[in-house]
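Here is a short report on a protein structure. Keep the 3D view open and look up each part as you read.

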Amino acid sequence: MKYLNLAISPAKADRLYWLGRYAERAILSLHLLRRYCNADIDADSHSPLETFATLMGVPTAALKSGNFVADYLYSTENLSSIASTLAAAKNNAMLERNDIKTEVLAYVELAVNTLEAAKANNAGVFELQPVSDYLMSFWGAVGEYVRSRAVRNILTIGRCVERLDVMIRFCYEPERIASVLETLESVDEAELALCDNQTIDYLRKMAAMPEASSEALSKLNSLFAA
Amino acid sequence: MTDDSIYAKLLLQRDAVNKWMERCGVRFGIYKNGSFKEQIFPFDAIPRVISAADWQTLSRGLAQRVMALNAFLKDVYTKRSIIRDGIVPADFVFSSKGYLPQCEGIIPPADVFSHISGIDLVQADDGTWFVLEDNLRVPSGASYPLIARDLTRKVSPETFADASVLDNRDYASLLRRVLDDVNVSSGLEVVLTPGRYNSAFFEHSYLAEKAGVVLAFPDDIFVEDDLVYYKGLLNKKERVGVIYRRISDEFMDPMTFEKSSLLGIPNVFSAYRKGNVAIVNAFGNGVADDKGIYYFVPKMVKYYLGEEPILRNAPTYLPIFPDDYKYVIDNLPTLVIKDVAEAGGYGVMFGRDMSAERLDQVRAMIKADPRRWIAQEVINFIDLDIMDGDSTVKRKSDFRAFVLSGKNTEVWPSGLTRFTRDPKSFVVNSSQGGGFKDTWVLAK
Amino acid sequence: MVVLLRYSYTTLITFSAKVSDHAFALRCVPMQTPAQRLIWQHLTVLPACPVASSVDAFGSVVSTGFLGRRHSLFAYEAAGLVETTDQPVTDAPFPFYSHPSPLTMPSPEMSSIANSLGSPADDPALWTERLMAAVASRLSYSPGATSVDTTAAQALELGQGVCQDFAHVSVAIARLAGLPARYACGFMEGEGASHAWVEVFINGRWLPIDPTNQRPAVNSYIKLAHGRDFDDCSISRGVFRGQASQAVSVSVDVWKANQADADSCH
């Protein structure tokens with residue numbers, strides 16, 4: 001059956017962009033949380049977790065009650081939690097089923113269901129590898145199943161913007177930031193037109209000057225105009 | 001259920017099927033106590049099985065019935081011959097809520113009004129099939145058996161290798177063909193969904209995916225110069241040629257129908273009237289699937305096609321006709337009485353549940369306003385087996401067949417079978433709990 | 001009697017904040033009928049946008065448009081010249097003019113009024129006079145007592161209404177008397193706003209009557225639309241996207257023109 005040119009509306013572009021961002025955010029949050037929890041094993045006070053929370057820009061109240069990790073993983077009241085991030089990803093994914101395909105949506109469903117089951121069992125962060133596995137599979141499946149280049153491009157833009165956001169926060173080396181920027185810029189012209197050129201130029205310069213990070217962060221978040 | 005039934009192996013895999021359902025997010029939403037709850041639509045692995053012989057009759061009868069209904073719709077909104085020739089009283093048509101005067105004189109592309117017809121049937125305990133209801137406006141449900149078949153084949157390939165069940169996985173391409181047939185100016189083809197919080201949102205998005213068309217929300221579409229456009233990126237716009245709308249008539253266009261609707265596309269009716277866009281299903285079909293018009297459908301088959309109707313209506317009586325009136329009054333204890341008036345509040349009443357006093361009250365109500373009531377014989381449906389833990393129980397179920405009409409009429413070799421959970425319930429309806437089954441039509 | 005009528009109808013809507021995706025549907029082009037000939041008309045919309053024209057199922061001219069871009073002002077001006085005559089209007093009534101519509105559902109009181117008016121066929125003019133008298137005696141003209149959603153039965157029970165209600169009640173009663181009847185709206189000489197009246201089909205022709213003013217609706221009326229009731233005849237409907245309130249000002253001018261106005265080119 002011939003697939004019609006899948007027209008994309010501003011609302012649809014917005015959903016795909018945010019799906020890309022939220023999926024990537026869940027992957028990176030889990031990854032970094034594991035890294036900082038690992039550091040936390042050896043620390044006397046909980047300063048690694050506090051560092052993580054501060055860099056990520058998430059609420060730190062739960063640190064005092066010693067509940068930070070469980071709250072950050074599972075709390076539905078905490079809008080920055082991984083549960084909330086995945087719920088947002090799933091919401092966008094469900095609305096985009098016909099563009100990303102059921103096979104791809106399934107990985108988001110699996111990630112959400114696995115997290116929910118883990119919550120019921122009070123699982124710790126190191127037991128959540130399957131959630132990360134499903135999210136990695138999500139990106140793999142996007143490459144395999146999504147026929148529309150435009151859809152893949154917008155998802156990629158979202159993914160790159162999220163990576164840039166987190167990398168800037170956590171002071172990754174300029175070369176790594178530059179590499180993500182390169183991926184972003186390699187997206188087809190039609191979709192790249194949705195991004196603000198000035199901001200991209202600025203980010204390029206910023207890649208060499210990590211001190212300007214907070215300004216970069218705010219500019220970054222207005223990059224995509226669907 | 002016997003251990004050597006053709007679905008025995010499949011039943012052993014029902015947990016695997018349910019896991020797949022979850023993975024694919026096969027959901028149905030209901031509004032309960034003011035909040036929206038979505039759940040995986042409960043699937044019972046025991047299929048409804050229809051014999052090849054039964055299907056021969058059913059499919060011919062369904063195609064015939066839908067052709068007659070489409071002819072009726074065209075006639076009602078143009079020449080009205082069936083009324084002039086005294087077959088259907090004018091009153092029944094013009095007092096029907098589904099009759100939309102705005103549709104007078106409009107003939108949609110290919111003369112098709114009901115492109116997707118959901119015909120609800122029941123099978124009586126003596127094996128006879130009866131049509132319970134025609135659904136010609138926004139019939140729902142084909143996506144569930146469609147995906148169920150896909151998943152059950154994956155989980156138990158040997159079941160399908162051994163049994164010869166007609167493949168039903170072509171629904172989306174049948175749908176696509178209908179959309180292609182009526183598409184105006186080779187424009188974009190869209191499924192229009194009211195949004196995420198509609199009970200059947202899964203179906204809207206799944207059918208759009210499988211048919212390879214766009215899933216559009218009301219805000220994505222606008223009408224300019226009586227042409228319909230999809231909002232693209234960077235102020236681009238693309239002409240829309242056909243809209244498969246999953247929104248009812250009254251909410252589709254606040255410029256023409258319900259003023260307060262936020263779900264519609266303003267002025268889409270104007271574009272439709274000019275023939276600039278095809279709407280699937282067309283506006284105004286409610287006049288033909290009205291409870292009051294049901295009685296006349298077999299007569300439509302005779303009138304428009306010159307054929308004897310193959311499918312039977314459940315025996316129905318309209319008290320406004322003297323012979324029927326006498327029959328109803330004399331046989332009330334054995335009949336079921338239905339209120340045709342929307343705001344009636346009486347719903348469905350069974351004569352067998354009434355005291356002598358109540359029977360007389362009802363007789364008086366019918367005498368006072370015969371136009372308002374229809375009476376039907378009570379049909380003892382065959383109950384179907386549903387899984388209950390490791391054993392089975394029998395429950396009421398119905399069957400919705402789907403007939404697709406574009407340039408040709410095709411009957412989908414499957415359908416949605418729904419069942420109730422509550423053993424005392426006669427109401428088989430997705431919003432009341434219960435679940436669904438796949439429907440297998442045997443090839444031989 | 002031949003009458004030339006000029007009309008000018010302007011509406012200005014000011015939004016408190018910018019709005020967009022503004023769709024509108026207007027019925028402000030007079031109908032062509034045997035009794036009403038439209039000599040010329042123009043319709044101007046601001047901000048400028050394509051305006052499509054079509055005829056709805058009832059026969060009224062509908063002008064539709066869409067303003068995607070942001071704006072805080074919306075205005076339209078309809079002007080034209082119409083020639084009205086005494087020619088009988090004999091188009092066969094659609095069946096739905098004989099059935100109740102949502103705003104004209106019957107009530108026992110309306111049935112008994114219908115029964116008290118005698119036989120329409122014997123003397124149609126007299127019958128319509130009796131109808132208008134019956135309605136006028138039960139409804140007092142009171143702006144603000146009812147709304148656009150008020151049904152005929154509600155207005156009758158309230159005993160108050162405006163031209164829309166007088167028309168709905170009359171239409172409902174006429175149908176109960178077995179006559180096809182339609183709601184009509186448009187302009188009337190001397191009225192600064194749109195007006196509503198009724199047409200009743202007796203002995204093969206539509207008789208236009210104005211129950212609010214208790215007179216036949218001839219010589220100083222310009223018909224824009226007709227239908228079963230008010231909802232079929234919306235002169236203007238619109239929806240837009242934006243958080244804004246609207247301030248609407250409308251002006252209607254209708255005056256008798258002379259032959260020179262008609263002869264001069266437009």
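## A hairpin in chain B

In β18(B), B:Arg395 is the bridge partner of B:Leu384. That pair belongs to a larger pattern. Strand β17 (residues 384–388) of chain B is joined to strand β18 (residues 391–395) of chain B by 5 bridges. The two strands run antiparallel. Bear in mind that this is a predicted model.

β17(B) and β18(B) make a hairpin, with 2 residues between them. B:Gly389 sits in the turn and has a positive phi of about 70°.

## How the chains meet

There are 2 pairs of chains in contact. Chains A and B share the most contacts. Chain A and chain C do not touch. Their nearest C-alpha atoms are 14 Å apart.

## Nonpolar cores

In soluble globular proteins, nonpolar side chains tend to be buried together. What does this model show? Its largest nonpolar core has 79 residues. The residues with the most contacts inside this core are A:Leu33, A:Phe52, A:Phe68, A:Leu86, A:Ile100 and A:Phe138. Helix α1 (residues 10–42) of chain A gives the core its largest share, 13 residues.

Now pick out A:Leu86. Which residues is A:Leu86 in contact with, leaving aside its neighbours within four places in sequence? They are A:Ala26, A:Ala111, A:Val112, A:Leu115, A:Val131 and A:Leu135.

## An open sheet in chain B

In chain B, 4 strands form an open sheet. Their order is β13-β16-β14-β15, and the pairing is antiparallel. Which strands stand at the edges? They are β13 (316–317) and β15 (348–350) of chain B. Each has a single partner strand, so one side of each is left without a neighbour in the sheet.

Look at one pairing in detail. Strand β14 (residues 335–339) of chain B pairs with β15(B) over 3 bridges, in the antiparallel sense. B:Ile337 stands opposite B:Met349 in β15(B).

## A sheet and a helix in chain C

Chain C has an open sheet of 5 strands. The order is β11-β10-β9-β8-β12, again with antiparallel pairing. The edge strands are β11 (215–216) and β12 (221–227) of chain C. Each of these pairs on one side only.

Strand β10 (residues 205–210) of chain C runs antiparallel to β11(C), and 2 bridges join them. C:Asp210 has C:Arg215 in β11(C) as its bridge partner. A helix also belongs in this picture. Helix α2 (residues 124–138) of chain C lies across β9 (195–202), β10 and β11 of chain C. It runs at about 35° to β10(C).

## Two crossing helices in chain C

Find helix α1 (residues 108–116) and helix α4 (residues 163–176) of chain C. Their axes come within 8 Å and cross at roughly 65°. The crossing of α1(C) past α4(C) is right-handed.

Which residues meet here? From α1(C) come C:Met110, C:Ser111, C:Ile113 and C:Ala114. From α4(C) come C:Ala172, C:Ile173 and C:Leu176. By class, this contact of α1(C) with α4(C) has 6 nonpolar residues, 1 polar residue and no charged ones.

Most residues other than glycine have a negative phi, and most peptide bonds are trans. Some places in this model depart from that pattern. A cis peptide bond joins B:Val280 and B:Asn281, with omega about -15°. B:Asn281 is in the loop between β11 (278–280) and α12 (291–294) of chain B. Another cis peptide bond joins C:Leu46 and C:Pro47, with omega about -5°. C:Pro47 lies in the loop between β2 (36–46) and β3 (51–55) of chain C.

Next, look at the loop between β8 (221–224) and β9 (227–231) of chain B, where B:Asp225 is found. The phi of B:Asp225 is near 60°, a positive value in a residue other than glycine. B:Asp226 is in the loop between β8 and β9 of chain B too. B:Asp226 has a positive phi of about 60°, although it is not a glycine. Are these residues buried or partly exposed? B:Asp225 is partly exposed, with a relative accessible area of 38%. B:Asp226 counts as buried, at 0% relative accessibility.

Key: Residues numbered from 1 in each chain as written. Chains lettered and ligands numbered in written order. Predicted model: local features only at pLDDT ≥ 70, side-chain atom pairs only at ≥ 80, totals over all residues. Heavy atoms only, no water. Pairing = 2+ DSSP bridges. Core = buried A, V, L, I, M, F, W, Y, C linked by side-chain atoms within 4.5 Å. Buried < 20%, exposed > 50% of the residue type's maximum accessible area, 1.4 Å probe, protein only. Contact = heavy atoms within 4.5 Å. Axes fitted to C-alpha atoms, helices over the stretch in contact; angles between N-to-C directions. Left-handed = near helix turned anticlockwise from the far one by under 90°. Nonpolar A, V, L, I, M, F, W, Y, C, P; charged D, E, K, R; others polar.
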